[in-house]
Amino acid sequence: MTENPLIIALDVEDASQARDIVSRLGGSISIYKVGMELYAAAGMEFVRELIGAGKQVFLDMKFYDIGETVKRAVAQVARTGVRFLTIHGSRAVMRAAADGRGDSGLRLLAVTVLTSFDRADLAQMGYPCDVAELVSLRVNNAMAAGIDGLVCSPLEAARVRALAGPAAILVTPGVRSAGAGKGDQKRVATPAEAIRDGANYLVIGRQVTRAADPAAEVARILQEIRA
Ligand code: C5P
């Protein structure tokens, strides 16, 4: 297991709320996820601020566009010192992203199938298959394209690990301690279950960011995983 596998999602509406969470968590967290909401509000300026403060950034942009655009955008992200970037799990996007990353330290993570999609959603998009089949196809394509890892549901982690091999970086959102509020997440697993099934990192948002004492919540989750 990674020493501290927690990535905290800064799903807030402005930089000042994000700074407040980062300062309350202090040294207990070194990786933060900046997603679409905070990016739209505070952009790369806030990402650079986090990196300048010694934090690592997981930029959750789920890039999806024509190859040339993806390649050039990934190259820009690579220059900033962002550690992880998410991209869509389609083959052309993944190949272009691997090209744009070059030999930088940026790690690319492909999103297989959003955990909010079920078979009916796939059928509506014209994919006549199960979620599990599409996940497997995309994992294999990601590894062939030279992608570093995958974002997947904790309920798929064991299967994804078996397909992707020991070197792939697996990140699972949808993680909750037993008894914690699920919010809008439907398919959840506990932090310990996700690690047991092969996750290297866990993305946790509200369970920590909305806790009365976020640092104590992080300590409790780490304790739960170690036990
Ligand atoms: O608050 P919570 O722990 O549910 O936050 C989970 C984070 O992980 C959110 O930022 C959400 O966008 C992200 N995520 C997810 N499920 C996915 C991919 C990303 O919950 N399949």
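**View 1. Strand 1 and strand 8 pair side by side.** Strand 1 and strand 8 (residues 201-204) are joined in the parallel sense by 3 bridges. Helices (H or I, at least four residues) and strands (E, at least two) are DSSP runs, numbered from the N terminus, and two strands pair if DSSP finds at least two bridges between them. This is a predicted model, in which local features need pLDDT of at least 70 and side-chain atom pairs count only at pLDDT 80 or more, while totals for chains, interfaces and linings use all residues. Residues are numbered from 1 along each chain as its sequence is written, and side-chain values use heavy atoms, with hydrogens and water left out. Ile 8 stands opposite Ile 204 of strand 8, and Leu 6 has Leu 202 of strand 8 as its bridge partner.

View 2. The strands follow the order 1-2-3-4-5-6-7-8 with parallel pairing. From one strand to the next the twist averages 25 degrees. Helix 2 packs on the sheet and touches strand 2 and strand 3 (56-63), and its direction makes about 145 degrees with that of strand 3. Contact means heavy atoms within 4.5 Å; axes are lines fitted to C-alpha atoms, for helices over the stretch in contact, and angles run from 0 to 180 degrees between N-to-C directions.

**View 3. Strand 7 lies between its partners, strand 6 and strand 8.** Strand 6 (residues 149-151) runs parallel to strand 7, joined by 3 bridges, and Val 151 has Val 171 of strand 7 as its bridge partner. Strand 7 (residues 169-172) and strand 8 also pair in the parallel sense, over 2 bridges; here Val 171 stands opposite Tyr 201. Both faces of strand 7 are covered, with Ile 169 and Val 171 buried on one side and Leu 170 and Thr 172 buried on the other. Strand 8 is likewise covered on both faces: Tyr 201 and Val 203 are buried on one side, Leu 202 and Ile 204 on the other. Buried means under 20% relative accessible area, exposed over 50%, and partly exposed in between (1.4 Å probe, protein chains only).

View 4. In helix 1 (residues 15-25), Ala 15, Ala 18, Ile 21, Val 22 and Leu 25 are buried. At the start of helix 1, a side-chain oxygen of Asp 14 comes within 3.3 Å of the backbone nitrogen of Ser 16. Gly 26 follows helix 1, with a positive phi near 50 degrees.

**View 5. Helix 4 is packed among strands and helices.** The buried residues of helix 4 (residues 91-101) are Val 93, Met 94, Ala 96, Ala 97, Ala 98, Gly 100 and Arg 101. They pack against strand 3, helix 3 (67-80), strand 4 (84-88), strand 5 (107-111) and helix 6.

**View 6. Helix 6 packs against helix 7.** Helix 6 (residues 131-144) and helix 7 (residues 157-164) meet at an angle of about 35 degrees, and their axes are 9 Å apart. On the helix 6 side, the contact is made by Ala 132, Val 135, Ser 136, Val 139, Asn 140 and Met 143; on the helix 7 side, by Arg 159, Val 160, Leu 163 and Ala 164. Ala 157, Val 160, Arg 161 and Ala 164 are the buried residues of helix 7. These fall within an arc of 100 degrees seen down the axis, so they line one face of helix 7. They pack against helix 6, strand 6 and strand 7. Just after helix 7, Gly 165 has a positive phi of about 90 degrees.

**View 7. Leu 134 is a buried residue of helix 6.** Its relative accessible area is 4%. Leaving aside neighbours within four places in sequence, Leu 134 is in contact with Val 113, Leu 122, Tyr 127 and Cys 129. Leu 134 and Leu 122 are 12 residues apart in sequence and 9.1 Å apart in space, C-alpha to C-alpha.

Key:
A polar contact is a pair of N or O atoms within 3.5 Å; within protein, one must be able to donate a hydrogen and the other to accept it, and residues adjacent in sequence count only if both atoms are side-chain atoms. The arc is that of the directions from the helix axis to the C-beta atoms.
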